[in-house]
Amino acid sequence: MNSQRLHIAIQKSGRLAERSLELIGSAGYRLTKSASDLAYSAENAPIDLWCLRDDDIPTFVADGVADLGIVGRNVLAERAAGGGNGLHEVMALGFGRCRLSIATPAGFDYRGPQSLQGLRIATTYPNLLARYLAEAGIEASIVTMRGAVEVAPRLKLADAICDLVSTGATLEANGLVAQTTILESEAVLVRSTRKLDAGVERVAEILESRFRGVAASQDAKYVMMNAPRSALARIAEILPGAGAPTVLALAGRDDLVAVHAVCQESVFWETLEALKEAGASAILVLPIEKMM
Ligand code: PRT
Ligand code: ZN
């Protein structure tokens with residue numbers, strides 16, 4: 001449907017909204033907001049964004065109303081655990097990280113999943129919780145709520161909860177302790193399993209390739225240093241995710257070389273200290289703006 005433009009569903013407001021727009025901007029698409037606030041159009045590519053409640057995004061993509069969507073893996077996984085299909089995860093996007101965890105009141109004597117036997121567990125993720133309990137061979141009753149799950153134990157509506165946790169502050173404020181994680185989540189790009197029109201497919205492929213480039217360049221650094229020729233093997237070992245570094249001659253020095261490398265993983269102070277220890281000097285770490 002809908003002409004030759006690629007349609008992407010993103011969250012209208014909430015934890016993923018701003019970062020989703022930022023990612024699309026970093027991928028080089030210049031966006032103009034529609035008068036209604038519910039949509040954006042790219043000026044420099046045939047792409048339209050629709051701003052929706054996050055819970056509606058999987059259905060819109062599965063039904064083919066949107067071609068792609070950005071949503072928490074938790075939302076996608078809950079739908080899949082309930083038997084929903086029609087879409088799949090294309091890639092993780094590196095923001096909106098959280099975990100779906102089972103938490104109990106602080107005084108509870110938790111000794112592994114068996115301790116959940118016979119409890120009432122409140123959650124907004126009944127399908128994922130049911131699947132976890134079935135796989136662990138535990139019988140517990142699931143109290144499905146729409147939100148504010150963390151207050152359920154205090155109100156005696158449940159003995160434990162299963163909810164998303166990021167900093168842990170909400171659990172702590174409610175006297176709860178996370179005991180086990182049933183899903184690691186972050187924002188993901190989802191795509192409908194339906195075949196796209198060839199022109200729209202091309203637009204989707206370019207966008208996905210740019211998203212990969214943005215994700216890769218976030219942690220990646222360009223590292224330069226001088227080093228004794230004899231230390232090259234050791235230095236290549238220390239550089240995180242660098243592959244084979246570029247080695248350049250230094251004018252008037254046979255014993256020293258310049259080493260340049262693109263590190264795909266984070267470069268920490270510890271990495272620099274190890275390089276120095278191996279004999280490197282004049283170490284520079286530079287950000288990478290784009291990478292493909
Ligand atoms: O209006 P709409 O339906 O679109 O938004 P929403 O209210 O359903 O979702 P929103 O914006 O709260 O979250 C969107 C997505 O962000 C989620 O689906 C997750 O993928 C992701 N995310 C990341 C989180 C959290 N971190 C998170 N901490 N979603 C919710 N929380 C809640 C959690 O449920 C708990 O109430 O924050 C509280 C815990 O946070 P901490 O930091 O105290 O541990
Ligand atoms: Zn929601």
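These legends describe close-up views of one predicted model. Because this is a prediction, local features need pLDDT of at least 70, side-chain atom pairs count only at pLDDT 80 or more, and totals for chains, interfaces and linings use all residues. Residues are numbered from 1 along each chain as its sequence is written, chains are lettered from A and ligands numbered from 1 in the order in which they are written, and side-chain values use heavy atoms, without hydrogens or water.

**View 1. Domain layout of the chain.** The chain is divided into three parts: domain 1 (6–96 + 187–217), domain 2 (98–185) and domain 3 (219–287). These bounds come from an automatic or database domain assignment. The centres of domain 2 and domain 3, taken over C-alpha atoms, are 47 Å apart.

**View 2. The zinc ion (ligand 2) and its aspartates.** Asp 54 (OD) and Asp 55 (OD) coordinate the zinc ion (ligand 2) at 2.0 to 2.1 Å. Donors are N, O and S atoms within 2.8 Å of the metal (3.2 Å for Na, K and Ca); water is not among the atoms, so sites may look incomplete. The 4 donor atoms make angles of 74 to 179°, and the site of the zinc ion (ligand 2) is irregular. Four donors count as tetrahedral if all angles lie between 85 and 135 degrees; four count as square planar and six as octahedral if opposite donors are over 155 degrees apart and all others between 65 and 115; anything else is irregular. Asp 55 is partly exposed, at 44% relative accessibility. Buried means under 20% relative accessible area, exposed over 50%, and partly exposed in between (1.4 Å probe, protein chains only).

**View 3. Helix 1 and its buried face.** Helices (H or I, at least four residues) and strands (E, at least two) are DSSP runs, numbered from the N terminus. Ala 17, Ser 20, Leu 23 and Ile 24 are buried in helix 1. Seen down the axis, these buried residues fall within an arc of 130°, so they line one face of helix 1. The arc is that of the directions from the helix axis to the C-beta atoms. The buried residues pack against strand 1, strand 2, strand 4, strand 5 and helix 6. Contact here means heavy atoms within 4.5 Å. Just after helix 1, Gly 28 takes a positive phi of about 95°.

**View 4. Helix 6 along its length.** Helix 6 covers residues 198–219. At 1.5 Å a residue, its 22 residues should span 32 Å, and the end C-alpha atoms lie 33 Å apart, which agrees. The expected span is 1.5 Å times one less than the number of residues. Among the buried residues of helix 6 are Val 200, Val 203, Leu 207, Phe 211 and Val 214. Glu 201 and Glu 208 are also buried. The cover over the buried residues of helix 6 includes helix 1 (17–26), strand 1 (6–11) and strand 12 (187–192).

View 5. Thr 271, Leu 272 and Leu 275 are buried in helix 8 (residues 269–277). They cover an arc of only 95° around the axis, which puts them on the same side of helix 8. On the other side, Trp 269, Glu 270, Glu 273, Lys 276 and Glu 277 are exposed. Strand 13 (221–228), helix 7 (232–238) and strand 16 (281–287) are included in what covers the buried residues of helix 8.

View 6. Val 247 lies in strand 14 (residues 246–250) and is partly exposed, at 38% relative accessibility. Leaving aside neighbours within four places in sequence, Val 247 contacts Leu 232, Val 257 and Ala 258. The C-alpha atoms of Val 247 and Leu 232 are separated by 8.8 Å. Ala 261 lies in strand 15 (residues 253–263) and is buried, with a relative accessible area of 4%. Beyond neighbours within four places in sequence, the contacts of Ala 261 include Tyr 222, Leu 239 and Pro 245. Ala 261 and Met 224 are 37 residues apart along the chain, with C-alpha atoms separated by 6.6 Å.

View 7. Most residues other than glycine have a negative phi. Asp 37 is not a glycine, yet has a positive phi of about 75°. Asp 37 sits in the loop between strand 2 (31–33) and strand 3 (39–42). Ala 148 has a positive phi near 50° and lies in the loop between strand 9 (141–144) and strand 10 (160–165). Asp 37 is partly exposed, with a relative accessible area of 42%; Ala 148 is partly exposed, at 45%.
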